Amino acid sequence: MTDDTLTDIEKRWRKGVLPFAVLAVLGQGPVHGYGLALALRDVLGAAIPEGTLYPLLNGLERDGLAVAEWAIQESGPARKTYVLTDKGREVLAEAVSRWAGFSRKLGKLMP
Amino acid sequence: MTRLTDIADAGARAELAAYFAKVDRLLAPLPEETAAETRGELEAHAVDLFTEEGSAAAALARLGDPVDFLPDLVAEKLRSRAARSFSPVHVLAALATSARVGISGLVLSTLAGAGYALAALALLMGTARFLGQKSTGVFRLEDGRYFVGFGETLGGTDVLGLWFVLLAYAAAAALYLILTLAFGRVRLRKPSRQDIRSMPG
């Protein structure tokens with residue numbers, strides 16, 4: 001298997017897990033776009049052009065999973081932060097449960 | 001520090017300003033307040049990245065080319081606005097903007113546009129009949145088949161009479177409402193190259 005093939009496989013799973021990872025970060029508390037990108041870097045490395053998080057956040061808002069609030073900063077103007085709604089928390093809890101099952105089954109396939 | 005104007009380095013500020021001129025062009029179809037809000041978010045993010053990276057080029061590389069993510073965001077915001085207001089002006093703006101977001105956007109706008117054209121036709125037919133054009137309506141031909149006439153008729157018996165006006169208006173309104181709600185809920189998927197740029201280090 002070539003490096004290119006491995007790279008492609010890894011790209012795909014990182015892309016697939018992104019919406020779940022965004023929900024999981026929001027589940028830890030209110031966060032603005034840059035904070036979200038920082039948190040995701042630990043998991044996804046530098047794989048994401050950080051601007052692409054904004055359509056995702058907009059989609060969560062539109063689907064009622066998150067709401068945007070303006071957080072007052074110690075210095076400078078207020079910043080837009082995102083907070084999970086009750087519906088978002090329910091979806092996250094269900095996603096976490098399904099992920100655990102999926103991960104367990106996937107683990108059984110590993111050599 | 002959340003604004004470009006907070007950056008002391010004039011060269012970096014100019015580089016970021018050029019990027020945000022592009023952002024402003026892409027956000028132009030949005031209502032002023034929404035565009036300003038989105039720009040403000042991106043600007044704060046860019047300034048944070050600049051503080052972290054120490055270079056405007058590195059910060060903007062991390063943020064990504066706005067052409068890769070803003071058209072999709074703008075089109076989605078316009079579709080959501082259309083679904084909230086049901087304004088034909090907002091629907092037209094959403095159709096035009098969505099059509100420019102890749103092949104999937106063009107297909108979506110074409111299909112939705114065809115649906116709206118059908119709704120407009122129903123409205124036109126209802127109005128024509130209301131204004132006395134008796135060749136517009138549903139007719140039963142002598143061989144038992146039905147024919148929907150608009151401006152010309154093959155003869156036959158007028159089945160609905162003036163009820164046609166009511167039904168045509170109801171069909172137009174229902175089609176418009178359903179299409180607009182559905183159009184507002186569609187989420188387009190961007191090509192993968194725009195979601196994931198490269199492997200992490």
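Student: Which residues line the second largest pocket?
Tutor: This is a predicted model, so local features need pLDDT of at least 70 and side-chain atom pairs pLDDT 80 or more, while totals for chains, interfaces and linings use all residues. Side-chain values use heavy atoms without hydrogens and water, residues are numbered from 1 along each chain as written, and chains are lettered from A and ligands numbered from 1 in written order. A pocket is an open set of points on a 1 Å grid over the protein atoms alone where a 1.4 Å probe fits, with protein on both sides within 12 Å along at least five of seven lines, and lining residues have an atom within 4 Å of a point. The residues lining this one are A:Asn58, A:Glu61, A:Arg62, A:Lys80, B:Leu30, B:Pro31, B:Thr34, B:Glu37, B:Lys77, B:Ser80, B:Arg81 and B:Arg84.

Student: Which helix gives the most to that lining?
Tutor: Helices (DSSP runs of H or I, at least four residues) and strands (E, at least two) are numbered from the N terminus. Helix 3 (53-62) of chain A, and helix 2 and helix 4 of chain B, each supply at least two lining residues of the second largest pocket. The most, 4 residues, comes from helix 4 of chain B.

Student: Within what arc do the buried residues of helix 1 of chain B fall?
Tutor: Helix 1 of chain B covers residues 10-27, and its buried residues (under 20% relative accessible area, 1.4 Å probe, protein chains only) are B:Ala12, B:Leu16, B:Tyr19, B:Phe20, B:Val23 and B:Leu27. They line one face of the helix, because the directions from the axis to their C-beta atoms fall within an arc of 95°.

Student: Which exposed residues does the face of helix 1 of chain B turned away from its buried side carry?
Tutor: The buried residues of helix 1 of chain B pack, by heavy atoms within 4.5 Å, against helix 2 (32-53), helix 3 (56-63) and helix 4 (70-85) of chain B. Turned away from that buried side are the exposed residues (over 50% relative accessible area), namely B:Ala18 and B:Arg25.

Student: How far apart are the end C-alpha atoms of helix 6 of chain B?
Tutor: The expected span is 1.5 Å times one less than the number of residues, so the 29 residues of helix 6 (102-130) of chain B should span 42 Å. The model agrees with this expectation, since the end C-alpha atoms are apart by 42 Å.

Student: What share of the residues in chain A is buried?
Tutor: Chain A has 4 helices and 3 strands, which run α-β-α-α-β-β-α from the N terminus. Its C-alpha atoms fill a box of roughly 50 × 30 × 25 Å along the principal axes. Of the 111 residues in chain A, the buried share is 41%.
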